[in-house]
Amino acid sequence: MAFPAVRPRRLRRTPAIRRLVEETRISPAELVLPLFLKEGLAEPRPISSMPGVVQHTRESLLKTAHEAVSAGVGGLMLFGVPDDANKDETGSAGLDPDGILNAGLRDLRTELGDSTVIMGDLCLDEFTSHGHCGVLAADGSVDNDATLAIYAEMAVAQAAAGAHMVGPSGMMDGQIGVIRKALDAAGHQDVSILAYSAKYAGAFYGPFREAVESTLQGDRRQYQQDPPNLREALREVELDVAEGADIVMVKPGLPYLDVIAAIRDRVTVPVAAYQVSGEYAMVEAAAANGWIDRERAILESLTSLKRAGAQITLTYWADEVAALLAG
């Protein structure tokens, strides 16, 4: 027999054959759309570093949410952006039942019911005057245990507002156990926890800070994951699962594909990834300059996250990708 006898290219010859043997497929139901709700806006406000993404009014939030759900997107993650006047040292606006985040969750649940998964970002950074994810101790460090008490209240407030799932993203030690206990004690046993278990203190969050009008002073390296560390991330994940996490997540996504894969091999709960603002902005900027094929780059990046082991992906392209897949 003439060499070569084995020709793998046979299975790449036509689009139909490639579809037939495709190993990794993205489904809209696996995508979650992050949304920003800004207090006091009269109309949606574009975010300059995230072309196509806006800070929403309560009205535009519902319109976009309806469109995303109709396209098949699996969930919505809501971030509240209060007026600067409502920010304080302890992030109290995040606990207010009528604050912008809880009001938005209530609007979404009233409008959409159980037709999608409504998630609330459970962190204080948008609500604190100093921009950190927790309250500060006298020396300026984040006070882990004092922050946990506030997270417990915040979780109950979000559940009462209608969140199906809360997403603790502050990387405080013990946060999942405290939140699970608080939710159960308040009668919210069915509210799930999406744990930001391996959230790295990386360089890809810049556009997000514009989106939430961050007032961060300093950085978050004392409590978020150090980018060189993988085994430490596995330890964080194991602790979160033991404390009651229903889903564990890696954030950012593309720079940490190896972390996603290692966690997928380690746990039996669903694994999620957050394709963060910097990842979004890089593709959009390169595409705007004609350097890459935008749609192919978006789909390829999402495919890589799923191939690494992410069953769920939070992405600012969720609604657009759902429409692309349907088409």
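Below, we take the terms one by one and set each against its definition.

User: Before we start, what kind of model is this?

Analyst: It is a predicted model, so please read every value below as computed from that prediction.

User: What makes the protein as compact as a globular protein of its length?

Analyst: Let's begin with the make-up: the protein has eleven helices and ten strands. Its radius of gyration is 20 Å, and the globule rule gives 20 Å for 327 residues, so the protein is as compact as a globular protein of that length.

User: What makes a group of residues a nonpolar core, and which residues have the most contacts inside the largest one?

Analyst: The members must be buried residues of the listed nonpolar kinds, joined through side-chain atoms within 4.5 Å. The largest such core has 96 residues, and F36, L76, L108, L194, I263 and L314 have the most contacts inside it. Helix 4, residues 144-161, gives the largest share of this core, with seven residues.

User: What is F36 in contact with, once its close neighbours in sequence are set aside?

Analyst: Contact asks for heavy atoms within 4.5 Å. Leaving aside neighbours within four places in sequence, F36 meets that test with I47, V53, V54, Q55, H56, F79, F208, A211, V212 and Y316. Across the protein, among contacts between residues at least 6 apart in sequence, 75% join residues at least 24 apart.

User: Why are some spaces called cavities?

Analyst: A space is called a cavity because a 1.4 Å probe fits there but cannot get out. The structure holds two cavities of 30 Å³ or more. Of the 13 residues that line the largest cavity, D125, K199, F208, R220 and K251 are the closest to its centre. Strand 7 (192-199) and helix 6 (206-211) each supply at least two residues of that lining.

User: And what lines the second largest cavity?

Analyst: That cavity has a volume of about 40 Å³, and its lining is made by I26, E30, L31, L302, K306, A310, Q311 and T313. By class, these are four nonpolar, two polar and two charged residues.

User: What makes a space a pocket, and what is the volume of the largest one?

Analyst: A pocket is an open set of points with protein on both sides within 12 Å along at least five of seven lines. The largest pocket has a volume of about 920 Å³. It is lined by 20 residues, with R18, R19, E22, T24 and T303 nearest its centre. Helix 10 gives the largest share of the lining, six residues. Counting by class gives eight nonpolar, two polar and ten charged residues.

User: Which residues lie nearest the centre of the second largest pocket?

Analyst: They are M171, M172, D173, Y223 and E236, from a lining of 21 residues. This pocket has a volume of about 380 Å³, and helix 7 gives the most to its lining, with six residues. By class, that lining has six nonpolar, eight polar and seven charged residues.

Conventions. Residues are numbered from 1 along each chain as its sequence is written. This is a predicted model: local features need pLDDT of at least 70, side-chain atom pairs count only at pLDDT 80 or more; totals for chains, interfaces and linings use all residues. Side-chain values use heavy atoms; hydrogens and water are left out. On a 1 Å grid over the protein atoms alone, a cavity is a set of points where a 1.4 Å probe fits but cannot get out, and a pocket is an open set with protein on both sides within 12 Å along at least five of seven lines; lining residues have an atom within 4 Å of a point. Grid points are joined across faces, edges and corners, and a volume is the space filled by probe spheres set on the points. Helices (H or I, at least four residues) and strands (E, at least two) are DSSP runs, numbered from the N terminus. Ala, Val, Leu, Ile, Met, Phe, Trp, Tyr, Cys and Pro count as nonpolar, Asp, Glu, Lys and Arg as charged, and the others, Gly among them, as polar. Buried means under 20% relative accessible area, exposed over 50%, partly exposed in between (1.4 Å probe, protein chains only). The radius of gyration is taken over C-alpha atoms; the globule rule is 2.2 Å times the number of residues to the power 0.38.
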